[in-house]
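My notes follow in the order I made them.

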Amino acid sequence: QSQLSQALNGLSDRAKEAKEFLVQLRNMVQQIQENSVEFEACLVAQCDALIDALNRRKAQLLSRVNKEHEHKLKVVRDQISHCTVKLRQTTGLMEYCLEVIKENDPSGFLQISDALIRRVHLTEDQWGKGTLTPRMTTDFDLNLDNAPLLQSIHQLDFVQMKVSSPVPAPPILQLEECCTHNNSATLSWKQPPLSTVQVEGYILELDDGNGGQFREVYVGKETMCTVDGLHFNSTYSARVKAFNKTGVSPYSKTLVLQTSEVLEGTVPACSPGPDTQSEEQTLPFPVPLERSQLRRMSPFSSTLNLQPSFPGRSYFELRSSAHQLSLHSSLQSLNSAGCNFETQGTPYSQLGKFDIKKMVAVAWFSFDPASAHADIIFSNDNLTVTCNSYDDRVVLGKTGFSKGLHYWELSIDRYDNHPDPAFGVARIDVLKDAMLGKDDKAWAITEGGITKGATVGVLLDLTRRTLTFSINEDQQGPVAFENLEGLFFPAVSLNRNVQV
């Protein structure tokens, strides 16, 4: 009994498995029927698409035949018309000649006979070789080569479907390498450590700093990107996704970045938004100094085509802003460290002389050795520059602007032998070995009351897209330049006779 009971238990397990297997097979029957219907519909749709394509091609070929038909008819009809006219003229000449031959007056006949004989010969020559030959054949010199298509149709068959590779996993933002510096942000990311899916590239997106929609600011294979020209004292959200031939991954977690409103070298802590804390990450740490080198490596696009000219480099231009029109993040570059200012809502049109006393410092900048010409000499923590060449050389500020209102001043420490220094703004790829403004990458003032001890003020209004200059707080003429759009850096060109 014990042995039979044990054997019966084993058989019972097998019977249970068999019942479950039968259920599985019955489900497979249903699934096969459903898949068969779906597959047949797909096959019919594919064949119908081929038939439609063949019908469209048939209509195109028939159109070509009709054009050939019309062309042949036109040529033949034109020849018929031409030959009919000539035949009518020849018949008329023949009838006239027959009447002349009947003339009984020999002298009258002799007067016209020579001219008439020449005319008859000329008309006969006009019916020369080729005139009575058809200009067009009746055959259609077209032959439809359908053999390759017939062969392809005969070879039309099913192939074993291959499982496509999966889409990439969401990238991971590397917080220890992400940072902000003045109005620039550097972001770094990587694939999850255990991910084996091939990645062809990444898409970095940033919002407009005012809670607006995300926009693509970088597309490429690199895993680090610096975005310039953001607004001071603003909060931006960033996210990244990966892609391959199969598709696009989900987004990474959203990183919230705060651009600078304090002295250069420290960054306010980044904070998550109120409703998305589970998907956002914070960023409270100082700016790594090597980020400045990455940001200054090479010229870059000044449009939203966003084609970086070196790895991980892009430019984000914000063309509109909801910020009110005030001197929101103005800059002053005196012998004290270049300082960024904000007014208490004073409109630019009411400023008159630039009243620095009304402003509150919010950011700093200095001259940039990395992007300057090699002849430029730096001192005073890169706040003072001169040159070791008699030729004009260009130096830029470290901070670039693409939106807002910005003001900075430059003090003339030395001015010998009446040189021609130039002050203004430039793009990062401006010529460095020529006077500022000699190419289409810079806008500058070069004369008008500049002496030793003078203070040159530059007001860049990217809301109104204008550039205005002052000397010793007196505005120099009307607005100097209009319709400025893009990313601009404070810029100076000078030679060895000038120190700024």
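This is a predicted model: local features need pLDDT of at least 70, side-chain atom pairs count only at pLDDT 80 or more; totals for chains, interfaces and linings use all residues.

Residues are numbered from 1 along each chain as its sequence is written, and side-chain values use heavy atoms, with hydrogens and water left out.

Entry on arginine 239. I found arginine 239 in strand S7, residues 235-243. Strands (E, at least two residues) and helices (H or I, at least four) are DSSP runs, numbered from the N terminus. Arginine 239 counts as buried because its relative accessibility is 19%. I then listed its contacts (heavy atoms within 4.5 Å). Beyond neighbours within four places in sequence, arginine 239 touches Ile203, Leu204, Glu205, Phe214, Tyr251, Ser252, Lys253 and Thr254. With tyrosine 251 there is a side-chain to side-chain polar contact at 3.4 Å. A polar contact is a pair of N or O atoms within 3.5 Å; within protein, one must be able to donate a hydrogen and the other to accept it, and residues adjacent in sequence count only if both atoms are side-chain atoms.

Entry on methionine 435. I located methionine 435 in the loop between strand S19 (422-426) and strand S20 (442-445). Is methionine 435 buried or exposed? It is buried, because its relative accessible area is 18%. Setting aside residues up to four places away in sequence, I see methionine 435 touching Asp392, Asp420, Ala422, Thr446 and Ser493. Valine 394 is 41 residues from methionine 435 in sequence, yet their C-alpha atoms are 7.1 Å apart.

Entry on helix H2. H2 bends by about 40° at serine 113. Ser113 is also buried, as are Leu116 and Thr123. The buried residues of H2 pack against helix H1 (2-101).

Entry on positive phi. Most residues other than glycine have a negative phi. I noted aspartate 381, with a positive phi of about 55°, in the loop between strands S14 (376-379) and S15 (384-387). Aspartate 381 is exposed, at 70% relative accessible area. Glutamate 473 has a positive phi near 70° and sits in the loop between strands S22 (466-471) and S23 (474-475). Glutamate 473 is partly exposed, at 38%.

Methods. Buried means under 20% relative accessible area, exposed over 50%, partly exposed in between (1.4 Å probe, protein chains only). The bend at a residue is the angle between axes fitted to the seven residues ending there and the seven starting there.
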